[in-house]
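Dear colleague,

Please find below the structure that I am handing over to you. My notes on what was found in it follow directly after.

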Amino acid sequence: MSEKFIPIADQRILRGGAVIPAVRQPANGLLSDTLGRPLHDLRISVTDRCNFRCVYCMPKEVFDKDYRFLPHSSLLSFEEITRIARLFIAHGVKKIRLTGGEPLLRKNIEHLIEMLAALRTIDGEPLDLTLTTNGSLLARKARSLKDAGLQRVTVSLDALDDAVFQRMNDVDFPVSAVLEGIEAAHQAGLGPIKINMVVKGGMNDQEIVPMARHFKDTPFIVRFIEYMDVGSSNGWKMDEVVPSAEVVRRISAEMPLVPADPNYIGETAERWRHAGGGGEIGVISSVTQAFCSDCSRARLSTEGKVYTCLFANHGHDLRALLREGRSDEEISAAISHLWQLRGDRYSELRTASTDGLGKQERKVEMSYIGG
Ligand code: SAM
Ligand code: SF4
Ligand code: SF4
């Protein structure tokens with residue numbers, strides 16, 4: 001039977017995931033999904049492993065010594081990642097973020113960065129190439145990352161108090177080493193540096209004001225993130241979410257804040273400036289104020305599946321296409337097909353019901369899909 005006449009469901013079974021459609025959309029950067037959203041960002045998870053066990057992401061009870069991480073042969077190679085990235089870029093991607101797991105654990109990550117930094121957007125511009133890290137290896141690697149072509153880093157830091165920080169990362173990692181990493185990244189020119197703090201009520205919310213105070217009058221922008229019901233391991237409960245409005249209220253009570261305009265449409269963080277100078281903070285209200293209507297992000301998992309939503313429970317397997325020798329044109333067509341079918345708006349639906357839709361179906365873990 002020719003490919004053209006294979007029904008979609010059968011094609012999925014035959015090729016283990018992504019569908020190559022019979023009618024192919026040219027890669028002209030004009031893709032849009034069923035809700036009219038373009039494809040602009042690609043997050044690439046380069047490893048599902050991590051040296052932290054953050055309570056909200058990789059709880060120790062689940063990610064223990066018996067947990068089976070992906071074998072090396074399952075991981076996309078740097079050549080495979082770069083090839084997929086190039087095809088996404090042809091469809092309009094302008095920004096690539098490397099993530100994981102902990103991306104700095106991937107051996108020779110600098111080499112992948114060099115390969116990606118050489119790519120150009122459809123307008124012939126360099127990519128916006130960034131990386132999210134827990135900062136543990138940054139003091140050692142900041143310079144080589146910059147030299148390889150990385151533009152910026154986002155560092156996760158959930159507390160300044162050492163005891164609270166160690167309770168959050170659950171591997172006794174000291175906060176001083178992450179602060180050194182942030183400074184090294186700044187010195188290497190990997191800025192402007194954003195610092196992400198996930199706020200989990202009853203665990204680290206007492207650190208909101210100290211974090212805002214510590215980074216006031218510095219070039220670093222702290223962004224407070226609502227604890228999300230990603231994956232199926234973290235035992236998420238709505239009453240552990242500290243709403244962004246509460247974060248702003250607590251900081252403002254000590255250091256008055258005024259709202260700032262977004263940098264661009266679809267910015268996930270809402271910006272606030274310290275009144276009278278001193279820099280800004282951001283809040284990311286993924287739970288209380290969903291921003292699905294502007295979401296232009298695709299995610300490539302460590303083993304080559306594309307997820308069109310952080311909360312998806314099904315990925316489209318591009319690695320199968322790569323490894324069975326499909327052409328660029330076919331893989332590009334599979335990418336356009338999956339994006340055109342996309343209708344995800346999980347957070348909006350969760351906000352509408354507020355009772356954690358997440359309990360209904362098993363979702364993929366953040367460390368696998370990439371945060
Ligand atoms: N290991 C790196 C790090 O921690 O920065 C990169 C991967 S991590 C999965 C990416 C981001 O997702 C981090 O800023 C982390 O705090 C955030 N994250 C993980 N689980 C989360 C959750 N349940 N809710 C909100 N943010 C979460
Ligand atoms: Fe590791 Fe990042 Fe997840 Fe923490 S948030 S466990 S550092 S992947
Ligand atoms: Fe995007 Fe899905 Fe998050 Fe909505 S829930 S903003 S569609 S990743």
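In these notes, a residue is called buried under 20% relative accessible area, exposed over 50% and partly exposed in between, with a 1.4 Å probe and protein chains only as cover. By that rule Cys-54 counts as buried because its relative accessible area is 14%, and Cys-57 is buried as well, at 18%.

This is a predicted model, in which local features need pLDDT of at least 70 and side-chain atom pairs count only at pLDDT 80 or more, while totals for chains, interfaces and linings use all residues. Residues are numbered from 1 along each chain as its sequence is written, chains are lettered from A and ligands numbered from 1 in the order in which they are written, and side-chain values use heavy atoms, with hydrogens and water left out.

Cysteines and ligand 2

UniProt, in an unreviewed entry, places the feature "binding site" at Cys-50, Cys-54 and Cys-57; positions are in the numbering used here, feature names are shortened, and annotations may be inferred rather than shown by experiment. In the model, the residues around ligand 2 (a heavy atom within 4 Å) are Cys-50, Phe-52, Cys-54, Tyr-56, Cys-57, Met-58, Gly-101 and Asn-134. This shell holds 6 nonpolar residues, 2 polar and no charged; Ala, Val, Leu, Ile, Met, Phe, Trp, Tyr, Cys and Pro count as nonpolar, Asp, Glu, Lys and Arg as charged, and the others, Gly among them, as polar.

Cys-54 sits in the loop between strand E1 (41-45) and helix H2 (78-90), and Cys-57 lies in the loop between E1 and H2 too. Helices (H or I, at least four residues) and strands (E, at least two) are DSSP runs, numbered from the N terminus. Leaving aside neighbours within four places in sequence, Cys-54 is in contact (heavy atoms within 4.5 Å) with Pro-59, Met-168 and Asn-169. With residues up to four places away likewise not counted, Cys-57 touches Phe-63, Glu-365, Met-366 and Ser-367.

Ligand 1

Of the 20 residues around ligand 1, Gly-101, Ser-156, Val-198, Met-228 and Met-366 come nearest. The shell divides into 8 nonpolar, 10 polar and 2 charged residues, and strands E3 (128-133), E5 (194-199) and E6 (221-226) each supply at least two of its residues.

Three polar contacts (pairs of N or O atoms within 3.5 Å) may be noted:
- A nitrogen atom of ligand 1 is 3.0 Å from a polar backbone atom of Gly-101.
- An oxygen atom of ligand 1 is 3.1 Å from an N or O atom in the side chain of Tyr-56.
- Another nitrogen contact, at 3.4 Å, involves a polar side-chain atom of Asn-234.

Taken alone, ligand 1 exposes 540 Å², of which the protein buries 95%; these areas come from the Shrake-Rupley method with a 1.4 Å probe.

Ligand 3

The shell around ligand 3 includes Cys-292, Cys-295, Cys-309, Arg-297, Arg-299, Arg-342 and Asp-344. Strand E10 (297-300) and helix H11 (346-353) are the elements that give two or more residues to this shell. By class, the shell has 7 nonpolar residues, 1 polar and 4 charged.

Backbone features

The peptide bond from Gly-191 to Pro-192 is cis, with omega near 0 degrees; Pro-192 belongs to the loop between helix H6 (175-188) and E5. Asp-170, although not a glycine, has a positive phi of about 60 degrees, and Asp-172 likewise has a positive phi of about 60 degrees. Asp-170 is partly exposed, at 22% relative accessible area, whereas Asp-172 is exposed, at 59%.

Yours sincerely

Conventions:
A polar contact is a pair of N or O atoms within 3.5 Å; within protein, one must be able to donate a hydrogen and the other to accept it, and residues adjacent in sequence count only if both atoms are side-chain atoms.
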